[in-house]
Amino acid sequence: MYAYDEIDQTLVDERVAEFRDQVQRRLSGELTEDEFKPLRLMNGVYLQLHAYMFRVAIPYGTLSSAQLRKLAHVARKYDRGYGHFTTRQNIQFNWIALKDLPDALADLAEVGIHAMQTSGNCTRNVTADQWGGVAPDEVEDPRVWAEILRQHTALHPEFSFLPRKFKFAITASDHDRAAIKVHDIGLRLIRNEQGETGFEVLVGGGLGRSPFIGKSIKPFVRGRDILSYVEAILRVYNQYGRRDNIYKARIKILVHELGIEKFAAEVEQAWQEVAEGPLTLDDEMIEDIRSRFVYPAYEKLPAMPDELRAAAGDARFEAWRRNSVAPHREPGYAIVTLSLKPVGGPPGDATADQIDAIADLADKYSFGEIRVGHEQNLALPHVARRDLPALWAALDALGVATPNVNLVSDIIACPGLDYCSLANARSIPIAQELTRRFANHETANLIGRLHVNISGCINACGHHHVGHIGILGVEKNDQEFYQITIGGRADEDARVGDLIGPAVPYAEVADVVEDIVEAYLALREKPEELFVDTVKRIGVEPFKERVYATR
Amino acid sequence: MPLVKNGAIVADDFVSVADDAELPAGGAVLISAARFLADAEALSARNAPLGVIWPNNRDVAELKPWLDRLSLIALVFPTFKDGRAHSQARRLREVYGFRGELRATGQILRDQFTFLLRNGFDSFAVTKESDAQAFGEATHRYTEFYQPTGDGHLSALQRRRKRHTAPAG
């Protein structure tokens, strides 16, 4: 956990005061909606289909139980008793009144939570591997660097009015859980041959209407130079990113149009102007941030305690343990993922009561810490393995132990037409229907790891391009149709999925997904071959034939 | 449009001169970048303060040879959402060491005053009278900053570093 000091706290409090003033000026009419819009967006406030939506930052996905409880409080006091965890390590509240927003922000500020730059054409909430600090395979805790970047990009005087939004993601493991290749800047923490810590820097990834996989711009930037280097990238982007066309304004288009070599040369030149300057980090600065990440006092515990052995006979527990419990860097501990994808539920939603109860369980079983992942699930990062059976029983009672993590019903979906003013089609009901179709755990388990991603429009908040099966809602003659892609992925081998054929109407989507899954089961070489690997091996055609033969 | 300088609303010393109008013999003038670059040598030798309006899509490095002869550079915010001039300002101040007046023009709202000051602007052609009057209040809203810029404020990282290395007691 990162503990705010008085500098962080003062800044958050000052931001709340500023926003209170801005809301006041809007309510009095002194600010026009046109003037207010970029200001409110920079504080996570959207005007949606039915009401204002409020998006709160959860930097690098780490929360304390006190922070989680405060989110439940906001859901209860100012909203309708629930919140929605998004693909960007944020939580959104959908029904909030403008006049209540300053108070909601002030309440959150009490526990060091803010909504700074969760929207708008600025550097957005910095995301990172949700298992940072506990994953057995990481170089070092990526959250230390995410926090350094969070601070540097918060209220940045030069980069708060960029051509478009700008997203950073950081991973420190070979296995990328932060989807860095589909971010504007992706950072992969590595060590060079001399043992120095630094980053491979990728730039220009992103989804939306023109999906791109990020390109490597520099194989190694020393940790101490990371702020000056990203400053140079942002400065080039701010100056040369297109502002004439909102659809061509993201850095991915600039990188694509210039070519990565030309873009890299521009950045290198801009970097020469700022390198070795005040942005250069030194060990004391890095150490100061690192020192405020507090790690639990782990005990030496057995990896296979009696409690776990005894519970192994319970088939339901075992089914859950197999897909929700991951190895921890400490042998006697585990990382436990909480599924926010119950059968028939909207992906990523949690009620205030659930959130409070999860906070209690975090206190009891996970040193008061909770993580939020881009898959719209939560995790308890430090669970003693002996506590797994008791924790499971508690999570099961809460409805957050559906044994479907990474399986076909662990669906990522945007809010779609039910909430979003941009959407062309519904996402949530499609997700709900699919979770019902694949509710049988034995079948889902047989299918194995399979990510279904659903977006209600081309903006791709549900990351459909990188779903193993991607579903994109489009509108045709006032009706909802869905384009289906397969073979996408968001990990270290990230790629954009391929379209399998013409869009299908709403009523057929679940059938098509079932057909694709059945085709996969028939076509895979062996049970261990993942869906996405089968697609890679044999291509789209066999699936296309199967799906469209009878349509 | 009120002009704010050194925190107060002041009269503008500079007279804007259109490209096709004759330059007055004396007095401070503000001219376009195109006019200036067409005859930079002669214009910068003129014996009165000279200001240039620099468009936000042109590289400020072009001004490098003339910076010590310019009294004012006016950067442009066609809308306050177009932030290119923020980067131009920082490069002029921090990379090229421009010491003259750096003026923000266009759509300037109080909500950007702090950012603009931090980036090196020291005068502001403000859109709204009420914003100009609120200048002092708006620019004292923040006392802590995360980024080091040429305005001299230490960043949070730098302040903590000092604390870290300060002798105990």
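The legends below describe close-up views of a predicted model.

Local features need pLDDT of at least 70 and side-chain atom pairs count only at pLDDT 80 or more, while totals for chains, interfaces and linings use all residues. Residues are numbered from 1 along each chain as its sequence is written, chains are lettered from A in the order in which they are written, and side-chain values use heavy atoms, with hydrogens and water left out.

**View 1. The contact between chain B and chain A.** Here 43 residues of chain B are in contact with 51 residues of chain A (contact means heavy atoms within 4.5 Å). The two chains bury about 4,300 Å² between them. Buried area is the accessible area (1.4 Å probe) lost on putting two parts together, summed over both. Carbon and sulfur atoms account for 53% of it. B:Tyr142, B:Tyr146 and B:Leu157 supply 17% of the area that chain B buries against chain A, more than any other three residues.

**View 2. The second largest pocket.** A pocket is found on a 1 Å grid over the protein atoms alone, as an open set of points with protein on both sides within 12 Å along at least five of seven lines. A cavity is a set of points where a 1.4 Å probe fits but cannot get out, and lining residues of either have an atom within 4 Å of a point. This pocket holds about 620 Å³ of space. Grid points are joined across faces, edges and corners, and a volume is the space filled by probe spheres set on the points. The lining has 32 residues, and A:His175, A:Glu375, A:Asn406, A:Arg449 and A:His451 lie nearest the centre. Helix 11 (315–324), strand 11 (325–327) and strand 15 (378–384) of chain A each give two or more residues. Helix 11 of chain A gives the most, with three. Helices (H or I, at least four residues) and strands (E, at least two) are DSSP runs, numbered from the N terminus.

**View 3. The largest cavity.** The whole structure has nine cavities of 30 Å³ or more. The largest holds about 170 Å³ of space. Of its 15 lining residues, A:Tyr4, A:Pro59, A:Thr62, A:Gln67 and A:Gly112 are the closest to the centre. Strand 3 (62–64) and helix 5 (142–153) of chain A each supply at least two lining residues.

**View 4. Helix 3 of chain A.** The expected span is 1.5 Å times one less than the number of residues. Among the buried residues of helix 3 are A:Gln67, A:Leu68, A:Leu71 and A:Tyr78. Buried means under 20% relative accessible area, exposed over 50%, and partly exposed in between (1.4 Å probe, protein chains only).

View 5. Most residues other than glycine have a negative phi. A:Ala460 sits in the loop between strand 17 (452–455) and strand 18 (469–476) of chain A, and counts as buried at 4% relative accessibility. B:Asn6 lies in the loop between strand 1 (3–5) and strand 2 (8–10) of chain B, and is exposed, with a relative accessible area of 73%.
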